[in-house]
Amino acid sequence: MKAFTYVRLCMAVALYSFLCLYPVSAQSLSGFQPVAPRHVVFDTDWWTDVDDACAIRLLLQQEREGRVVVDGICLSAVRPTSVASLSAFLDYEGRPNIPLGVDREATDFTGKPSYHELIIESHPRRAADNADAYEDCVVFYRTLLARAADPIDIIAVGYPNALARLLSSKPDTISNLSGKELVTSKVRHLWMMAGKYPSGKENNFTRTARSREAGTLIATSWPTPITFLGWEIGIQVVAGSHLSNTDLLHRILVAHGSGKGRYAWDPLTVLMAVWGDPHAAGYDTVRGKLSVDATTGENVFSPYNEGPHRYVVMRHEPQWYVDYLDALLCR
């Protein structure tokens, strides 16, 4: 059985290498052909779950390999140890100086992280608390977008609150454009882990009153195309089960109670966004328009060919994605 697992992992690495050396044709990408390196901002609820840590490892790995440039990371849900633990993890992963933004209004989240202290103790970093972050999320996003010389893709795997605050922001000394105008002029695509498809309730839209209202605003007013990866995708894929016992990421997973791996909502979203095309990443898509109920957070997707939104559907068996992720996480 171990030999079979090893062979399967080797096959996944070989598949990934093949895709990198022989990318899919531009005709098949339907306008989403990635221009390497593409600039991205990662929006995460670095809070109690650990698939965010797996996602950050993959994102920084892809940056080292020249496919993306990570311009910043925004925290859409925070506890007192969020910035200190994230900055320590970024240092461990070899990218300590990424600008960080924090939604300073994200005080409506409860729950104690199970792994923040472990990271801080294992790998101390300069950032002591959330005040050491770059800025509040509105200033953070507006500054990055106003200064951007190249189009930016946003990869959002947490709550939509910070993005909604950006969208609602007014012209200021940073830019004479509103938030919606800045997004329109500087953001190419939003890749989002949120919702359950074709309809249902999922944590990122339903958690708090703010996240429910923010989800409604994103669905109705975000001006660029959005690709959603839903709850039903990540719940079928468990990543991180083959990490070395000495790897800090493995220790984080163990502290969370996920020593045999964690559901892979966030890392799957990152890899899809890095490719810039769902089909190349192993998905079919359904195009249409998403709506989110501001009271309940329930989402409903209405399919039609010219819609601004799309959600993804697996083209392979779940094990294909498991092998794909684990081969990368262990590199």
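This is a predicted model: local features need pLDDT of at least 70, side-chain atom pairs count only at pLDDT 80 or more; totals for chains, interfaces and linings use all residues.
1. Sheet order. The model contains an open sheet of eleven strands with mixed pairing. Read across, the order is β4-β3-β2-β1-β5-β6-β8-β13-β11-β12-β7. The edges are taken by β4 (135-136) and β7 (199-200). Each of these two has a single partner strand, so one side of each is left without a neighbour in the sheet.

2. Pairing of β6 with β8. These two strands run parallel and are joined by four bridges. Within this pairing, M193 is placed opposite L229 of β8.

3. Pairing of β8 with β13. Strand β8 covers residues 226-229 and strand β13 covers residues 309-314. They also pair in the parallel sense, here over three bridges. T227 has R310 in β13 as its bridge partner.

4. Pairing of β11 with β13. On this side the sense is antiparallel, with six bridges joining the two strands. T285 stands opposite V312 of β13. Strands of a sheet pair through backbone hydrogen bonds, in either the parallel or the antiparallel sense.

5. As for β13, five of its six residues are buried, so the strand is largely enclosed by the rest of the structure.

6. Helix α12 over the sheet. Helix α12 (residues 265-275) lies across several strands: β1 (38-44), β2 (68-75), β5 (152-156), β6 (187-193), β8, β11 (283-292) and β13. Its direction is at about 155° to that of β6.

7. Helices α6 and α9. The axes of α6 (residues 161-168) and α9 (residues 209-221) come within 8 Å of each other and cross at roughly 55°. That angle makes α6 oblique to α9. The crossing of α6 past α9 is left-handed. On the α6 side, the contact involves N161, L163, A164, R165, L167 and S168. Their counterparts in α9 are R210, S211, A214, L217, I218 and S221. By class, the residues of this contact are six nonpolar, four polar and two charged.

8. Residue L75. This residue belongs to strand β2. L75 has a relative accessible area of 0% and is therefore buried. Leaving aside neighbours within four places in sequence, L75 contacts T44, W46, S82, V83, L86, G101, V102 and D103. The C-alpha atoms of L75 and A162 are separated by 8.0 Å, although the two residues are 87 residues apart along the chain.

Note on methods:
Residues are numbered from 1 along each chain as its sequence is written. Side-chain values use heavy atoms; hydrogens and water are left out. Axes are lines fitted to C-alpha atoms, for helices over the stretch in contact, and angles run from 0 to 180 degrees between N-to-C directions. Angles under 35 degrees count as roughly parallel, over 145 as roughly antiparallel, 65 to 115 as roughly perpendicular and the rest as oblique. A crossing is left-handed if the near helix is turned anticlockwise from the far one by less than a right angle, and right-handed if clockwise. Contact means heavy atoms within 4.5 Å. Ala, Val, Leu, Ile, Met, Phe, Trp, Tyr, Cys and Pro count as nonpolar, Asp, Glu, Lys and Arg as charged, and the others, Gly among them, as polar. Two strands pair if DSSP finds at least two bridges between them. Buried means under 20% relative accessible area, exposed over 50%, partly exposed in between (1.4 Å probe, protein chains only).
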